[in-house]
Amino acid sequence: MKNNLLPIAKEGWNYVIGAVIAFIVFTFFDLNFLEFTAFLATLFFIFVFRNPEREYVLYQEDSVVSPVDGTVISIEELHSDEHKGYKVEIDSTYLNVALLRVPFTSTLQSVKLSRGAKLSAQSPLSNSINENAELIFTDIKSSNKMRVVHKLKQTFKSIDIDIIEGQNALQGARYGLMINGITTLYLPENFRLNVSLGSELKASDTLIGYFTNESKK
């Protein structure tokens with residue numbers, strides 16, 4: 001992963017440049033309405049693809065930070081055979097920074113990107129056919145593991161994932177981009193949550209919680 005320190009994420013360059021070119025062309029031909037529309041589009045793309053640099057917060061060992069900006073909309077305790085622990089859902093909108101960041105220093109065990117629809121979250125079909133990405137981060141040394149699922153809502157941009165299986169990543173490093181979606185965190189039983197329903201999260205800044213020394217499953 002190469003960190004992009006420019007104020008606009010690399011995924012947004014083509015959108016911004018295209019809008020600027022359209023603005024120049026419409027200005028040249030004196031098409032006032034289209035010129036104004038292109039100007040608004042330029043501002044919109046600059047905003048949604050903004051790439052703020054964030055100061056690295058030094059938390060203690062076994063800490064987990066939020067991988068996305070957004071609001072916690074659901075916290076559920078799971079007891080199924082498939083997963084025992086916690087399920088935390090985070091809603092990210094166009095107002096949030098779209099960059100995705102590594103939740104804890106780890107190795108990416110697996111990544112699965114499924115292209116699909118971009119329906120509203122209210123649509124009954126969105127859960128089954130909307131585009132999504134599933135990543136599993138693992139700390140080999142401590143055996144701590146965390147599954148992260150990003151699912152799109154209505155948007156113009158597909159999910160971008162810039163990390164591959166087996167890659168080592170530092171906590172807070174950028175690994176992709178998602179504009180307007182829902183992120184679900186699957187946390188193990190040996191986890192102590194530090195967020196509550198309605199919490200506003202910032203990727204790499206907000207502490208989600210800690211893995212504890214209890215038995216890991």
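Predicted model: local features only at pLDDT ≥ 70, side-chain atom pairs only at ≥ 80, totals over all residues.
1. Helix α1 covers residues 13–28 and helix α2 covers residues 32–48. Their axes lie 8 Å apart and meet at an angle of about 160°. Angles over 145 degrees count as roughly antiparallel, and α1 and α2 are therefore roughly antiparallel to each other.

2. Which residues make the contact between these helices? On the α1 side, look for Tyr15, Val16, Ala19, Val20, Ala22, Phe23, Phe26 and Thr27. On the α2 side, they are Leu34, Glu35, Ala38, Phe39, Ala41, Thr42, Phe45 and Ile46. Sorted by type, the contact has 13 nonpolar residues, two polar and one charged.

3. Phe45 sits in helix α2 and counts as buried, at 15% relative accessibility. Leaving aside residues up to four places away in sequence, Phe45 touches Tyr15, Val16, Ala19 and Phe156. Take the pair Phe45 and Ala19: 26 residues separate them in sequence, while their C-alpha atoms are 8.3 Å apart in space.

4. In soluble globular proteins, nonpolar side chains tend to be buried together. The largest nonpolar core here holds 29 residues, and Phe137 and Tyr175 touch the most other members.

5. Now try strand β11, where you'll find Tyr186. Is Tyr186 buried or exposed? The relative accessible area of Tyr186 is 16%, and the cut-off for buried is under 20%, so Tyr186 is buried. Skipping residues up to four places away in sequence, Tyr186 touches Leu78, His83, Tyr86, Lys87, Met146, Arg147 and Val149. Val57 is 129 residues from Tyr186 in sequence, and the two are 23 Å apart in space, C-alpha to C-alpha.

6. Finally, have a look at Thr212, in the segment after β14. Thr212 is buried too, with a relative accessible area of 16%. What does Thr212 touch, not counting residues up to four places away in sequence? The answer is Asn190, Phe191 and Arg192.

Methods: Residues numbered from 1 in each chain as written. Heavy atoms only, no water. Axes fitted to C-alpha atoms, helices over the stretch in contact; angles between N-to-C directions. Helix = DSSP H or I, 4+ residues; strand = E, 2+ residues; numbered from the N terminus. Parallel < 35°, antiparallel > 145°, perpendicular 65-115°, else oblique. Contact = heavy atoms within 4.5 Å. Nonpolar A, V, L, I, M, F, W, Y, C, P; charged D, E, K, R; others polar. Core = buried A, V, L, I, M, F, W, Y, C linked by side-chain atoms within 4.5 Å. Buried < 20%, exposed > 50% of the residue type's maximum accessible area, 1.4 Å probe, protein only.
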